[in-house]
Structure formats: structure tokens, C-alpha cells
Amino acid sequence: MNNLSLYAVGFADYLSPIEPPKNLSISIYSYNFLYNWGVDQSYLIAVLPLKLFYYLFFNFGLSPKTITLVFFSNIIFISQLSFFYFIKKGILLKDHNKNYIYVATIGSVLYGISPYTVTMLIPGHGLTLILYSVFPIFVKLIYKFIGDNKNNVTPLIFIFVLSIYCAPSFANIGIIYVLFSALLIFVISIILANSIKVSSAAYRFIIIILIILLANSWWLLPYFYSLNQYIANSKNTATYMVDLIDYASKDASLLNILLGKPESLLYMKDIVGHSLY
């Protein structure tokens, strides 16, 4: 894929586990003339927390393969734990419901090993799953903050921390768009179900968006600044990106997700040698 597509959409959902020290060193600076042809790579800074994870365990003598297994195992475990918490303490069931433990257990297992999770893990596309693993907690915290009449900042603190944890997922800019869209739909459903004032819910939703952006400002600010400069100097950027998005999503569907093929593009034979790549 050429530099423009890589730069404009940010990082992909795959992180090479090879040579953790080198991977860490190339992610510290926005510009690195020894990597990516000297093109601005601010989006790589977002993956720094995960690369620190690899670097730390690598120094303890673990191989990149073992570290990757630990990472994927943690992703599945955190996914199941967060979904269990979501059902047990969340919206669907109350604590006094005797059946919650069975529903929460079965639901958490299915959430952790869903077709989407498995299909992303097998080829090593695990960065997107970092957000996926804590998305139920995101929903729970937002529900608590939007529906609470009191000015309780505790949910915002947790949202801030989770947003930093999800930075490697947000390195793919499209994930941020998807998250904001999903949260907007969820907030609208809260308003309709609980008769909450639209103005109050909108105000709190804007605060949540700002908290998420603030938590990722350490890499978003240099990225958007450089992206703006790059687009200003590129006449065909908009047309190229529209063509790229259309091609990448033309076979995407809910059915493919249920069938375990959330990224149908990966299964297309004409991907190799295509003019957009």
C-alpha cells in the first residue's frame, strides 16, 4: 500500500512482533528518516504502549512468539471479564436476578471467542481487539454518566484511562470514527428509553468525546497537524481516499461478520497487484 493510504488512515491492525527493541525505537519520534521513507509517522506513536509491553517481556527473556500468545490470551480474558461485568453490573440484568450468573458466564465466553475475535486473532490482527476487549465497560461507563443526574466524575476518569489503553486501536483512525458512531447510537437509545433531556445528554456526550480525544492527544495532535499539511499539498488526496474506502468496504456486510469474515477484503483474490495497493 502506498504512503498516502497508510498515512491518511493511520496505522493498520497488525503489529509485527519481530525485534521488539527496534519496533520500540522507531515509534518514539514523529519523523524517522530511517523508516517509512522519512514520511511523518505520528500514528505509530499510538502503538507505543503495546510496544513497551513487548519490550518489557522481551527483556525478561520471553520470545516474541510467547509474548504474542500472552497478549492474545489477555485480550480474550479481558474481553470475557468486561462482558461479564457489563451484564452482572450493567444494563441487561440486575444483581437480584438469580439467572444473571448463567447469562453473564455464557455471554462472556461467546463474546471472547466470537467469530470476529477468532478471525482477527488467527492472522495476527489484534490491535483492533484492544478496544473490543473493553467496549462493554465503555458502554457501561457511558450509560452511568449519561443517566446519572449527579455530577459524578468517576466514570470520566475510567473513560480517560481506558482511552489511553485503547490508543493502539485508535492508531487506525477509522476505529475512532466507528467508536464515536456506535456511542452516538447508544446515547440516542438511552435518551429514548429513559426520557432523558436531549440537551443534558448531548452535553455529557460531548464531554465524553473530549475526554477520549484528550486522552489520546499525545499522538493525535502531531498526527492531525501533519495530516492537514499533507492534504494541503496533495491535489488528488480526496479522490484517492474515496476510491480506497469504496474498494476496501464494497464486500463488507453484517453476514460476513456473523460468518467470521469481518474483513472480507482479506479473502479477495484481486487484492494482490491492485492499483490502490
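Guide: Helices (H or I, at least four residues) and strands (E, at least two) are DSSP runs, numbered from the N terminus. Lysine 140, for instance, has its place in helix α7. The model shown here is predicted: local features need pLDDT of at least 70, side-chain atom pairs count only at pLDDT 80 or more, and totals for chains, interfaces and linings use all residues. Residues are numbered from 1 along each chain as its sequence is written, and side-chain values use heavy atoms, with hydrogens and water left out.

Visitor: How many helices and strands does the protein chain have?

Guide: The protein chain has 14 helices and zero strands.

Visitor: Is lysine 140 buried or exposed?

Guide: Buried means under 20% relative accessible area, exposed over 50%, and partly exposed in between (1.4 Å probe, protein chains only). Lysine 140 has 13% relative accessibility, so lysine 140 counts as buried. Of the 277 residues of the protein chain, 44% count as buried. Lysine 140 can also be placed relative to serine 82: these residues are 58 apart along the chain, and their C-alpha atoms are separated by 9.6 Å.

Visitor: With which residues is serine 79 in contact, leaving aside its neighbours within four places in sequence?

Guide: Contact means heavy atoms within 4.5 Å. With those neighbours left aside, serine 79 is in contact with Tyr111, Gly112, Tyr132 and Ser133. Serine 79 belongs to helix α4 (residues 64-89), and its relative accessible area is 0%, so serine 79 is buried. For the protein chain, consider contacts between residues at least 6 apart in sequence: 70% of them join residues at least 24 apart.

Visitor: How are aromatic pairs read, and how many are found in the whole structure?

Guide: Rings of Phe, Tyr and Trp (its six-membered ring) pair if their centres lie within 6.5 Å; planes under 30 degrees apart count as stacked, over 60 as edge-to-face and the rest as tilted. A search of the whole structure finds seven aromatic pairs. One of them joins phenylalanine 53 and tyrosine 54: this pair is edge-to-face, with 6.2 Å centre to centre and 85° between the planes. Another is the stacked pair of tyrosine 111 and tyrosine 132, at 4.3 Å centre to centre and 5° between the planes. Tyrosine 111 lies in helix α5 (residues 100-112) and tyrosine 132 in helix α7 (residues 128-147), so this pair ties together parts that are 21 residues apart in sequence. Both tyrosine 111 and tyrosine 132 are buried.

Visitor: Which residues do ring pairs link into a cluster?

Guide: The cluster consists of Phe53, Tyr54, Phe57, Phe71 and Phe72, linked by ring pairs.

Visitor: How is the packing of two helices described?

Guide: Two packed helices are described by the angle between their axes and the distance between the axes. Axes are lines fitted to C-alpha atoms, for helices over the stretch in contact, and angles run from 0 to 180 degrees between N-to-C directions. Here the axes of α7 and helix α8 (residues 154-165) come within 10 Å and cross at roughly 165°. That angle makes α7 roughly antiparallel to α8; angles under 35 degrees count as roughly parallel, over 145 as roughly antiparallel, 65 to 115 as roughly perpendicular and the rest as oblique.

Visitor: Which residues meet where α7 and α8 are in contact?

Guide: In α7 they include Ile130, Val134, Ile137 and Phe138, and in α8 they include Leu156, Phe158 and Ile159.
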